[in-house]
Amino acid sequence: MAFIDYYKTLSLTKTASDKDIKNAYRKLARKYHPDLNPDNAEANKRFQELNEANEVLSDPEKRKKYDKYGENWQHGEAYEQQARQQQNRPGNYGGNGGFGGGFTDAESFGGGDFSDFFKSMFGGGGSRQTKYRGQDYNAELHLTLLDTAETHKRTLTVGGKNIRINIPAGIENGQTIKISGHGGAGVNNGPAGDLYIKFFIANDTRFKRDGSNLYTNLKLDLYTAVLGGEITAETLTGKVKVKIKPETQNGTKVKLKGKGMPVYKKENEFGDLYLTYDVQVPVNLTEKQKQLFEELSKS
Amino acid sequence: MKTANLITASDFCLYHNVEHNFINLLQEAGLVEVSIINQTIFIPEKELQKLEKLTNLHQLDINVAGIEAITHLLNQVEKIQEDMRSLRNRLRLYENETE
């Protein structure tokens with residue numbers, strides 16, 4: 001566990017006044033506050049560090065203790081204990097039985113947002129009633145494209161707790177949703193942080209997706225392309241019959257309205273499915289077929 | 001009948017340690033919507049999260065004009081991030097095609 005230079009965190013020197021500390025904290029907090037840096041984990045981390053530095057340096061008692069022991073903080077509690085023992089029992093020049101003890105189990109104070117260094121030195125969330133919002137948690141959820149075709153519920157385990165969340169149909173790859181209040185617990189009755197879930201959608205279908213529209217190629221035999229007819233096309237969730245106009249050209253694109261992905265958070269709204277016809281030239285022709293094509297070419 | 005959860009502005013101010021006028025100024029700037037029932041100002045539940053966010057900014061010594069500007073910029077950032085995500089996904093279509 002490394003020593004943390006709280007003065008450096010706030011870009012201050014040891015001689016900083018209370019006003020300097022307050023100003024430095026507010027200035028940096030304006031820069032790194034999570035509300036001003038959406039989706040920026042680095043800023044979030046930096047903000048936690050600022051909070052911790054401010055918690056120590058703006059509290060006269062904590063600052064005094066921090067300044068007194070500085071980089072020797074690991075032995076600070078032991079020195080104090082020894083000093084107390086010597087005061088109470090002046091005749092006792094015995095050993096140093098108190099060394100190594102006295103550190104509080106910080107987790108029991110719910111100070112999950114503070115570093116191990118802070119917890120070891122001050123024992124958790126701090127004695128003052130400063131409210132701190134709990135840490136935001138970030139999680140990833142991997143789904144397939146088919147999973148996102150319908151709104152459904154999933155149970156996630158975050159921080160040892162099970163959370164049942166609603167996954168709206170049509171959610172896209174890279175999209176993040178926020179579950180308010182499911183982040184880390186707040187300090188000193190501060191509000192809990194939020195849980196951010198980022199979605200990674202793997203495409204397990206033959207469709208290409210762009211927003212709520214789907215795209216695919218459809219093989220079309222030459223005769224149907226020339227004479228017209230009806231074919232069956234696969235959609236994401238089933239099959240539909242598609243009429244082919246006579247003399248359909250290779251590469252023709254048709255739109256099947258409403259057969260794409262559900263539109264995110266818009267009930268009963270769907271994107272479209274675009275089919276691009278890939279006309280197949282017949283192979284392995286019989287002599288008779290060749291003759292017929294030759295006749296056609298002359299006509 | 002449809003019911004709505006409301007919290008009094010006074011309770012909010014007390015809990016978050018902000019002056020009542022702050023909410024009036026936010027409302028005047030069109031940043032939050034409030035309901036007035038029998039001359040008491042209430043904050044609708046749907047506005048609470050937004051108001052807490054704006055209060056966080058206020059506690060960083062940012063005035064209402066600054067909060068208003070930041071809110072507009074954050075909305076733009078959100079839209080740009082959304083566009084970027086959508087373009088990345090579109091780019092993936094072409095990258096997969098060339099693989």
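## Loops, interface and salt bridges

Author: Start with one residue and its neighbours. This is a predicted model. In it, Ala149(A) touches Ala169(A), Leu236(A), Met261(A) and Pro262(A), leaving aside residues up to four places away in sequence.

Reader: Where in chain A does Ala149(A) lie?

Author: Ala149(A) is in the loop between strand S1 (137-144) and strand S2 (152-158) of chain A.

Reader: Is Ala149(A) buried or exposed?

Author: Burial is judged by relative accessible area, with under 20% as the cut-off. Ala149(A) has 15% relative accessibility and therefore counts as buried.

Reader: How far apart are the C-alpha atoms of Ala149(A) and Pro262(A)?

Author: The separation is 6.4 Å, although the two residues are 113 residues apart along the chain.

Reader: Which residues does Thr235(A) touch?

Author: Thr235(A) belongs to the loop between strand S8 (229-234) and strand S9 (239-244) of chain A. Not counting residues up to four places away in sequence, Thr235(A) touches Phe207(A), Val240(A), Lys259(A) and Leu273(A). Its relative accessible area is 8%, so Thr235(A) is buried.

Reader: How many of the 12 residues of H8(A) are buried?

Author: The number is 0, so H8(A) lies largely in the open. As for its geometry, helix H8 (residues 287-298) of chain A reaches 17 Å from its first C-alpha to its last, close to the 16 Å expected at 1.5 Å a residue.

Reader: Now the second chain. How many helices and strands does chain B have?

Author: Chain B has 4 helices and 3 strands. Their order from the N terminus is β-α-α-β-β-α-α. Chain B has 99 residues, and 31% of them count as buried.

Reader: What share of the contacts in chain B with a separation of 6 or more comes from residues 24 or more positions apart?

Author: Such residues account for 55% of those contacts.

Reader: What is the area buried between chain A and chain B?

Author: The size of an interface is often given as the accessible area lost when the parts come together. Between chain A and chain B, that area is about 1,900 Å², with carbon and sulfur atoms giving 47% of it. In terms of residues, 20 of chain A are in contact with 19 of chain B.

Reader: How many residue pairs are in polar contact between chain A and chain B?

Author: The count is 7, with both residues at pLDDT 80 or more. On the side of chain A that touches chain B, the elements that give two or more residues are helix H2 (18-32) and strand S6 (208-210) of chain A. That side divides into 4 nonpolar, 6 polar and 10 charged residues.

Reader: How many salt bridges cross the interface of chain A and chain B?

Author: Side chains of opposite charge can pair when their charged atoms come close. Across this interface the rule finds 3 salt bridges. One of the pairs between the chains is Arg26(A) with Asp61(B), where the closest N and O atoms are 2.6 Å apart. The search of the whole structure finds 18 salt bridges over all chains.

Reader: Where do Glu172(A) and Arg85(B) lie, and why does the pair join two chains?

Author: The side chains of Glu172(A) and Arg85(B) meet in a salt bridge at 3.7 Å, N to O. Glu172(A) is in the loop between strand S3 (161-167) and strand S4 (176-179) of chain A, and Arg85(B) is in helix H4 (residues 64-98) of chain B, so the pair joins two chains. Both residues are buried.

Reader: How far apart are the closest N and O atoms of Lys79(B) and Asp83(B)?

Author: They are 3.1 Å apart, in a salt bridge. Both residues lie in helix H4 of chain B, 4 residues apart, about one turn of the helix. Lys79(B) is exposed, with a relative accessible area of 53%, and Asp83(B) is partly exposed at 35%.

Terms used: Residues are numbered from 1 along each chain as its sequence is written. Chains are lettered from A and ligands numbered from 1 in the order in which they are written. This is a predicted model: local features need pLDDT of at least 70, side-chain atom pairs count only at pLDDT 80 or more; totals for chains, interfaces and linings use all residues. Side-chain values use heavy atoms; hydrogens and water are left out. Buried means under 20% relative accessible area, exposed over 50%, partly exposed in between (1.4 Å probe, protein chains only). Contact means heavy atoms within 4.5 Å. The expected span of a helix is 1.5 Å times one less than its number of residues. Buried area is the accessible area (1.4 Å probe) that two parts lose on being put together, summed over both. A salt bridge is a side-chain nitrogen of Lys or Arg within 4 Å of a carboxyl oxygen of Asp or Glu. A polar contact is a pair of N or O atoms within 3.5 Å; within protein, one must be able to donate a hydrogen and the other to accept it, and residues adjacent in sequence count only if both atoms are side-chain atoms. Ala, Val, Leu, Ile, Met, Phe, Trp, Tyr, Cys and Pro count as nonpolar, Asp, Glu, Lys and Arg as charged, and the others, Gly among them, as polar.
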